[in-house]
Amino acid sequence: MTVTTAGPASATEDLLPFRDPGFRADPYPYYARLREEHPVYRHPLGLYVVSRYEDIARLIRNPTLSVQRLDFGPAAPIHHTMLGKDAPDHTRLRRITNRWFTPKAVEEWSTVMRASVEAVLDEVEKGDGTLDAADGLSLKCAFDTTCHIFGIEPTEMDTIQRRTYEIGLSLGPGGNDEEARATTEAFGWFAEHIRRLVADKRAHPGEGLIDAFIAAQDEGRMTEEEVVHTIFLFFAVGHLDVKHLINHGIWLMTQRPELFAAYRDEPEARPGIINEILRIDTPESMVVRLTTQDTVIGDTTVPAGEALALLIASANRDPEVFADPDTFDHTRPLAAGQHLAFGSGMHGCAGQVLARAEADIVFSSIVNRFSGVELAGRPAYAHTEFLRTITHLPVRFR
Amino acid sequence: MKVEVDLRKCQDHGQCVYAAPHLFALDDEGRLSLRSEATDVYVADVAEESAEELYEAAEVCPLQAVTVHE
């Protein structure tokens with residue numbers, strides 16, 4: 001995104017060096033310092049960064065904050081989706097898709113996910129037990145499921161993953177010109193690809209989500225631009241964050257055999273384990289909002305028209321809410337606080353029932369079939385300041 | 001019939017407000033307004049004529065925090 005604000009930055013030292021490889025590899029020590037010393041930090045780029053749980057949990061529900069008036073820069077087409085709209089447009093778009101992600105709907109999508117996961121693991125068992133879990137399992141199975149929901153064949157998976165990542169590069173505050181160009185090209189590719197898919201659906205109607213969008217457009221409830229970009233959005237969120245949840249969960253199991261055993265032996269602990277995976281390494285580090293009036297955050301009054309970066313990944317490590325926050329502990333009391341990995345309030349993740357179900361299907365299938373999992377090579381990462389991303393996760397199942 | 005809202009699960013997405021505007025509302029801070037009446041679990045009687053919107057609210061809640069008791 002692009003941040004344009006008047007006035008000088010308050011700190012000369014950059015406490016949140018978005019482009020620094022060390023920061024991208026492990027931003028958590030930086031977050032800890034912000035929470036401690038600068039809970040409302042005016043970043044040199046101009047935006048206000050909020051890092052404490054209490055402030056973020058309140059602001060993320062604040063209905064005076066806008067996304068519609070944010071300048072997304074090269075990612076401006078996001079404004080054609082519910083992620084970039086305030087009420088009432090946000091409400092209209094979200095209501096069209098809500099019914100597709102209810103617990104009842106998710107039961108149906110789960111059968112598709114399960115079949116996809118079992119097919120991958122069948123092949124692993126026939127082979128030598130090794131697999132790149134990143135592309136071969138978490139991406140593939142989530143993508144198969146998304147395409148089933150859309151009512152289309154799962155094609156162009158690798159291109160869709162790459163193009164989504166190129167758009168993701170511009171969703172954080174630290175983008176450069178090269179990334180902006182990649183983002184613009186990626187949106188162009190998606191628009192062309194999706195218009196083809198929609199034309200094909202019009203010629204061969206079905207009962208998928210794309211058919212529902214076409215019907216909504218014909219009834220005047222969605223514009224063509226909204227249809228195209230909402231399909232893009234679901235391609236993106238259909239794999240981006242859930243892939244990280246699954247990859248990070250598998251990686252944790254390679255590091256902590258007791259977690260593998262807990263997942264297998266204590267079904268009642270499974271929701272807590274998934275929550276803790278999301279808390280300890282939150283897939284999207286922040287959500288961004290624009291103030292529309294004076295907004296008081298702790299000792300700071302932020303005037304209207306300023307961009308706020310709410311660091312949900314930092315909130316999820318706030319020791320005021322999560323004791324010993326850098327330690328993985330799936331038995332921590334729920335009463336202490338809910339993690340904010342899925343956001344909260346009206347823009348909170350609509351697909352979280354599905355995301356949790358998809359992760360559970362992968363983890364359950366693994367622990368039911370195998371006795372353990374270990375690294376079969378070095379994992380590779382492509383973290384940005386906004387997205388946590390494991391690109392390769394070579395594992396061996398025993 | 002009765003509605004039960006688990007406020008420990010609720011994350012104030014407001015989907016119930018859109019589905020059942022006669023039963024749910026958000027306050028000025030964007031939080032479910034019935035939070036002022038309960039801390040953990042909110043239970044209330046609901047008239048039969050609101051059954052349809054109540055079931056929709058229960059169905060679309062992303063946190064599955066709304067339960068309907070016949």
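This is a predicted model: local features need pLDDT of at least 70, side-chain atom pairs count only at pLDDT 80 or more; totals for chains, interfaces and linings use all residues.
1. Residues are numbered from 1 along each chain as its sequence is written, chains are lettered from A and ligands numbered from 1 in the order in which they are written, and side-chain values use heavy atoms, leaving out hydrogens and water.

2. Back at the interface, 19 residues of chain B and 24 residues of chain A take part in the contact (heavy atoms within 4.5 Å). Together the chains bury about 1800 Å², 43% of it on carbon and sulfur atoms; this is the accessible area (1.4 Å probe) that two parts lose on being put together, summed over both. B:Gln11, B:Tyr18 and B:Glu59 supply 34% of the area that chain B buries against chain A, more than any other three residues.

3. There are three salt bridges between chain B and chain A, a salt bridge being a side-chain nitrogen of Lys or Arg within 4 Å of a carboxyl oxygen of Asp or Glu. A:Arg95 and B:Glu56 meet in a salt bridge through their side chains, at 2.7 Å from N to O.

4. Helix H2 (residues 51-60) of chain B deserves a look: seven of its ten residues are buried, so the helix is largely enclosed by the rest of the structure. Buried means under 20% relative accessible area, exposed over 50%, partly exposed in between (1.4 Å probe, protein chains only); helices (H or I, at least four residues) and strands (E, at least two) are DSSP runs, numbered from the N terminus. B:Glu56 is among the buried residues of H2(B), as is B:Glu53. Their packing partners are helix H4 (89-98) of chain A and, within chain B, strand E1 (2-6), helix H1 (15-19) and strand E3 (66-69).

5. Finally, A:Glu385 sits in the loop between strands E9 (380-381) and E10 (390-392) of chain A. A:Glu385 counts as buried because its relative accessibility is 3%. Its side chain joins that of A:Arg24 in a polar contact of 3.0 Å.

How values were computed. A polar contact is a pair of N or O atoms within 3.5 Å; within protein, one must be able to donate a hydrogen and the other to accept it, and residues adjacent in sequence count only if both atoms are side-chain atoms.
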